[in-house]
Amino acid sequence: MKKKEKVKEIEIDSIDKLNSYQNKEIFPTVKENIDYIKKILDESMDLITNEFSLHNAKQDIKIGIAHISGLSNLTLVNETILETIKQNFSNNAEEIPPTNVKDYFKKKVLLFSEMIEQKTFGIPVVSMLSGDTIIFIEGIQDCFVLGSKGFKERSIEQPTTHITVKGPKESFTENIATNLTMIRRRVKNPNLWLKKYIIGEESNTTVTIAYLNDLTPKELVMEVDKRIKAIKINNLVDSSYLAQLLKDRGISVFPQVYDTERPDVVASNLFEGRIAIFMDGSPFVIIAPVALTKFLHSAEDHYHKAFIGSFLRFSRIIAFLLSFYLPAIYLSVIMHHSELLPLDLFYSIIGQRFATPLPAVLEVLLTLTAFDILREAGTRMPTSIGTTLSFVGAIIIGQSAVEAGIISSIIVIVTTTSMVAGLTLPNYSLHYTVLILRYYFVIAAALFGLFGIMIASVFLLIHVMSLRSFGLLYSAPLVPFSKEGMKDAIIRVPISDLQKNQKTTYENSPY
Amino acid sequence: MKMKILILLSLFIFLQASTGCTTKRDIETLVVVTAIGVDKGTDGNIKVSVQILNPNTATRNPKDVSPVILLSAEGSTMLETLRKIAQLTSGKLVLFQFQVLLFGEELAKEGLEPYAHFFFTDDETQHQFPIAIVQGETAYNVMKIHMPLYTIPSTGISEKIISSNKYYGASVTFTDLDLILALRSSEADFAMPSIKLIGDIEEGNKGDSIHTIEPVANVTSSTYSIFKEKKLIGFLTEEESIAYNYLMGYINESVVSLVMDEGYKINVDINRASVNMSSEIVNNLPKITFHVSASGFIGENWTGYTQTELDFVRKVEAKLKEKLTQSLLACIKKMQEEFNSDIFYISDHLHKHHPMYWKTIKTNYDSMFSSIAIEVDTKTSILMVRY
């Protein structure tokens with residue numbers, strides 16, 4: 001019960017700043033109310049309003065109803081809500097004193113579990129726009145909002161961005177209620193607390209934060225709460241808006257919050273003491289705070305034995321490093337340090353370089369750009385064309401460019417290896433980070449060779465170590481080093497060891 | 001805190017320094033030398049020949065064009081001659097990829113000292129390439145021929161020297177650092193690997209030569225060349241070369257064929273050998289003992305049976321010991337009596353272990369070398385019988 005009151009407080013808080021209708025009091029007559037609703041929605045075609053008279057042995061009373069077609073479940077409204085009201089009213093045939101109409105309705109007629117009572121239009125209108133039904137009663141200056149959400153939504157499908165072979169196969173949908181149930185199903189614990197916010201002055205989007213009360217530090221919850229309340233924005237379309245609004249200060253190419261469409265990932269992060277932020281209308285749930293190592297983890301690391309999980313993770317870290325270091329190292333070796341190559345490799349590379357007309361830097365940059373264009377085109381195209389495009393583009397353009405002698409085949413090998421290595425990253429946000437870093441290191445290598453790569457790496461390290469995600473150091477648990485945190489950072493220890501003192505796992509990472 | 005900053009700062013500097021120079025030098029602009037040969041030229045000059053990599057051949061069918069070209073010039077010093085050769089190419093020669101350094105026999109007879117310094121101090125060379133003497137030929141002629149099995153001929157030469165050391169034990173990888181150390185040793189006597197040309201040089205130079213199944217010309221790793229006071233004086237035989245490797249501890253793997261008392265042959269595949277030199281001064285004369293131990297397994301038995309009896313193994317061990325001791329002593333004897341060259345660096349050993357004594361004999365060591373008592377104490381063991 002305590003929790004519900006809290007939710008209400010927040011609702012009212014966030015509504016204060018809304019438009020004029022928010023504070024408009026309910027009119028005493030049904031007709032006036034219905035007309036007002038029609039007025040603020042400008043008689044939209046999907047608005048359904050109606051006025052009825054209820055009869056029983058003692059008296060008649062007029063009620064009005066308003067809901068949005070498509071958003072509300074019509075069967076529920078007609079067969080349950082209206083039928084129940086009618087039955088209850090006629091069965092309770094007693095004289096109602098005019099001062100007591102509200103109590104009578106609350107206690108005898110409107111017997112619904114999901115019902116709130118309001119004196120102003122604010123919440124009822126927003127609720128109606130999310131599928132609820134408003135009931136007006138002649139003579140009382142209150143309205144009742146009855147839950148009747150029932151719109152069509154996408155069914156639960158397999159995840160498309162974070163794919164695993166083992167493990168759960170469901171992903172979040174655009175409906176926040178469905179998403180929250182997926183988490184509740186996995187975390188059957190009264191300590192899973194949900195806080196609701198309405199954000200977006202125009203869009204009135206529902207945002208909910210979820211956390212395990214006993215595991216999550218209070219300061220973190222307060223920080224997230226503070227940041228969400230501080231958001232001033234007209235509309236929220238996707239949770240990535242939220243991710244950008246909530247991030248810590250500073251410009252960075254690194255993602256500072258983790259977004260996922262996998263309920264199992266969200267659940268496991270809740271158990272690690274993190275906060276999940278759900279947004280209505282987005283299948284991506286934000287997890288905060290996160291460190292860089294988190295982006296290199298896949299859910300599947302935990303679904304295999306510890307040894308295999310560690311191996312997968314290790315190879316992914318190597319792939320991550322290769323994905324931006326490889327073109328740079330290639331370039332610096334052939335431009336500055338060709339003495340590092342053994343003669344056979346040297347012979348093969350010099351032969352290929354000799355046969356192509358472009359300078360090495362230009363060749364690398366051109367190939368990288370061409371592959372980026374191909375990748376982007378492949379992503380934006382419909383799936384059927386996209387796959388064809390990327391394969392055909394890579395093979396045909398790549399191969400003919402090599403055969404025509406414009407670019408050398410080794411550069412295609414280097415570039416595609418680094419691209420493919422980048423694709424091993426389970427989190428989609430990091431792909432673009434790697435893309436930028438690749439160019440950064442290529443330019444450093446072209447200018448100063450391995451020395452340039454080293455300088456660039458030092459600057460990158462300084463940058464990563466200065467980043468924070470909701471106060472948590474981004475480079476944790478590597479820097480500052482935390483033995484407890486390392487159990488699940490680079491390698492993964494067996495599950496039993498991992499959960500031995502789970503409550504301290506988060507506390508040990510410096511927050 | 002101060003310590004931490006210091007550590008970080010030194011780490012930073014160390015990391016930066018470890019990346020090397022940043023001279024921009026695009027790979028396609030390099031004129032890459034894969035082998036260098038030095039010969040005696042006319043009028044007291046030297047003749048330097050270099051094999052330059054032809055990058056065009058890496059992507060094309062190697063049968064069309066030769067993968068390397070041979071350029072040579074005569075000059076008074078190494079660097080001057082190399083610059084002269086560079087006139088024939090498109091730029092400065094880079095030496096960091098070169099695989100083998102060859103000296104012609106005629107030149108070696110006059111001493112190698114003048115040429116070692118250039119390679120030793122050059123900041124581009126990698127100090128890992130083998131050096132070899134060309135037995136009975138000029139380096140120029142050896143560098144002319146196509147090498148069967150190897151695209152780049154110089155790789156073939158260095159690989160042959162290395163593999164001869166690894167599997168036969170008749171050679172060693174002798175680098176420019178070794179040459180410098182040898183030239184600076186007390187007596188400047190040393191032994192160096194050599195290579196030998198077999199077949200027809202003129203035919204081997206032609207592109208057709210790589211089409212024949214039997215190579216018309218080839219290069220093989222040969223026996224040790226012996227230097228006395230920095231000058232080439234002769235060559236060891238193959239058996240003596242292997243013995244020399246035992247005495248110097250250069251053996252990785254080798255084979256020894258034995259004839260047993262019953263008349264059949266046994267082959268012992270040596271896969272472990274070590275040596276330890278010890279010395280004592282008896283009656284104001286040095287007494288040197290080489291403690292050689294070798295172990296291996298029986299790889300071949302001409303009786304046609306696998307004999308695993310302990311008696312038999314002991315017999316083979318005794319025979320192996322006898323054979324090894326005999327051949328090692330033969331090698332030492334030849335050095336003492338025929339060449340009078342201290343290729344075992346005994347002088348260095350005495351200098352190091354008996355410095356006071358060394359001072360007294362330093363001046364006439366050369367004449368007393370042949371009379372030094374050198375003994376060989378061989379330990380052999382058969383670890384396994386192959387069957």
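Here come some questions and answers on this structure.

Visitor: Before we start, what kind of model is this?
Guide: Residues are numbered from 1 along each chain as its sequence is written, and chains are lettered from A, ligands numbered from 1, in the order in which they are written. Local features need pLDDT of at least 70, side-chain atom pairs count only at pLDDT 80 or more, totals for chains, interfaces and linings use all residues, side-chain values use heavy atoms with hydrogens and water left out, and the model is predicted.

Visitor: How many helices and strands are in chain A?
Guide: Both are DSSP runs numbered from the N terminus: helices are H or I with at least four residues, strands are E with at least two. On that count, chain A has 19 helices and 12 strands.

Visitor: Which residues have the most contacts inside the largest nonpolar core?
Guide: A nonpolar core here is a set of buried Ala, Val, Leu, Ile, Met, Phe, Trp, Tyr and Cys residues joined through side-chain atoms within 4.5 Å. The largest one has 90 residues, and helix 11 (residues 310–339) of chain B gives the most to this core, with 10 residues. The residues with the most contacts inside it are B:I36, B:Y244, B:Y246 and B:F344.

Visitor: Is B:D189 buried or exposed?
Guide: B:D189 sits in the loop between helix 8 (176–183) and strand 7 (190–192) of chain B. Beyond four places in sequence, its contacts (heavy atoms within 4.5 Å) include B:F227, B:K228 and B:D342. Buried means under 20% relative accessible area, exposed over 50%, partly exposed in between, with a 1.4 Å probe and protein chains only. B:D189 has 2% relative accessibility, so the residue counts as buried.

Visitor: How many Å apart in space are B:D189 and B:D342?
Guide: Along the sequence, 153 residues separate B:D189 and B:D342. B:D342 is also among the contacts of B:D189. From C-alpha to C-alpha, the separation is 5.4 Å.

Visitor: What about A:I318: which accessibility class does it count as?
Guide: A:I318 belongs to helix 11 (residues 306–335) of chain A. Its relative accessibility is 44%, so A:I318 counts as partly exposed.

Visitor: Which residue does a cis peptide bond join to A:A288?
Guide: Omega of that bond is about -10°.

Visitor: What is omega near for the cis bond from A:A476 to A:P477?
Guide: A:P477 is in the loop between strand 12 (472–473) and helix 17 (483–486) of chain A. For this bond, omega is near -5°.

Visitor: What is phi of B:L149?
Guide: B:L149 lies in the loop between helix 6 (139–142) and helix 7 (153–168) of chain B. With a relative accessible area of 86%, B:L149 is exposed. B:L149 is not a glycine, yet its phi is positive, at about 80°.
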